[in-house]
Amino acid sequence: MKETKNNKAAKTAGKVTIKVAYAVDAFRLLSQQNEQGKQGFKLSGLETEDIFKVLFAIKALKPIAVELVEFEKDVRKQFEPEDWNERKSKFDEMSNEEQAAMNREFLKIEGKVRECLTKEREKEKEIEGYERLDKETFAKLIKSNEHIEDSAVNMLLMEVLM
């Protein structure tokens, strides 16, 4: 993540540049709610002031995540044939050969969608600046979320929040 301004004030004001993949993945992780059989992301181990820092970071990341979801929907519509939904609804009634042909077509569509999404995720976007966490606060955040045992996740959060 690159800061547009090179002073301390840039940490809370101005714009920062972030890779779309980092923004989307961090947003999804940080806004993860408790689901059946799965714990969500917790901020309860932090002081109130630090919880707000994380919430403002989530707020700054959200537009990029929402934009990517919309982009994926649009791309998918472009690659799916007009009768795709109708054909999907009749999938169970198809012969094995027809199902196999549709599955091959689906894989081709998904490959094209993934290719477009990969290119989009590699781009960098400007977002509103937000205040970063210090090392001690970041450590508390990680300890509060020990149920997420993934060093890649921790590295992503370190890149986005520190």
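This is a predicted model: local features need pLDDT of at least 70, side-chain atom pairs count only at pLDDT 80 or more; totals for chains, interfaces and linings use all residues.

**A helical pair to begin with**

Guide: D50 and K53 are 3 residues apart in helix 2, so about one helical turn separates them. Helices here are DSSP runs of H or I with at least four residues, strands are runs of E with at least two, and both are numbered from the N terminus. Residues are numbered from 1 along each chain as its sequence is written, and side-chain values use heavy atoms, with hydrogens and water left out.

Visitor: Okay, and what do D50 and K53 form together?

Guide: They form a salt bridge, with the closest N and O atoms 3.4 Å apart. That term means a side-chain nitrogen of Lys or Arg within 4 Å of a carboxyl oxygen of Asp or Glu.

Visitor: Why would side chains like that pair up?

Guide: Side chains of opposite charge can pair when their charged atoms come close. And an α-helix has 3.6 residues a turn, so residues three or four places apart point the same way.

Visitor: Is D50 buried or exposed?

Guide: D50 counts as buried, at 10% relative accessibility. K53 is buried too, with a relative accessible area of 12%. Buried means under 20% relative accessible area, exposed means over 50%, and partly exposed is in between, using a 1.4 Å probe and protein chains only.

Visitor: Which other residue forms a salt bridge with K53?

Guide: E131 does, and there the closest N and O atoms are 3.5 Å apart. This pair links distant parts of the chain, 78 residues apart: K53 is in helix 2, while E131 is in the loop between strand 3 (124-128) and helix 5 (135-144). E131 counts as partly exposed, at 38% relative accessibility.

Visitor: How many salt bridges are there by this rule?

Guide: The count comes to 17. Another one joins the side chains of R76 and E72, at 2.8 Å from N to O. R76 and E72 both lie in helix 2, 4 residues apart, which is about one turn of the helix. E72 is partly exposed, with a relative accessible area of 25%. Elsewhere, salt bridges that share partners join E49, D50, K53 and E131 into one network.

Visitor: What else is R76 in contact with, leaving aside neighbours within four places in sequence?

Guide: E110 and V113. Contact means heavy atoms within 4.5 Å. Also, the C-alpha atoms of R76 and K112 are separated by 8.6 Å, and those two residues are 36 apart along the chain.

Visitor: New topic, aromatic rings. How many aromatic pairs does the structure hold?

Guide: It holds 1 aromatic pair. The rings of F52 and F56 have their centres 6.4 Å apart and their planes at 35°, so the pair is tilted. For the rule, rings of Phe, Tyr and Trp (its six-membered ring) pair if their centres lie within 6.5 Å; planes under 30 degrees apart count as stacked, over 60 as edge-to-face and the rest as tilted.

Visitor: Where do F52 and F56 lie?

Guide: Both lie in helix 2, 4 residues apart, about one turn of the helix. F52 is partly exposed with a relative accessible area of 45%, and F56 counts as partly exposed at 49%.

Visitor: Which residues form a nonpolar patch on the surface?

Guide: F52, L55 and F56, with about 300 Å² of accessible area together. Patches take residues with over 30% relative accessible area and no salt bridge, joining like charges within 9 Å and nonpolar side chains (Val, Leu, Ile, Met, Phe, Trp, Tyr) within 5 Å. The areas come from the Shrake-Rupley method with a 1.4 Å probe, and for residues only the protein chains shown count as cover.

Visitor: Now zoom out. How many helices and strands does the chain have?

Guide: The chain has 6 helices and 3 strands, and along the sequence they follow the pattern β-β-α-α-α-α-β-α-α. Of its 162 residues, 33% are buried.

Visitor: How many residues of helix 1 are buried?

Guide: Helix 1 (residues 20-30) is mostly covered, with 8 of its 11 residues buried. Those buried residues pack against strand 2 (15-19), helix 2, helix 4 (96-121), strand 3 and helix 6 (151-161).
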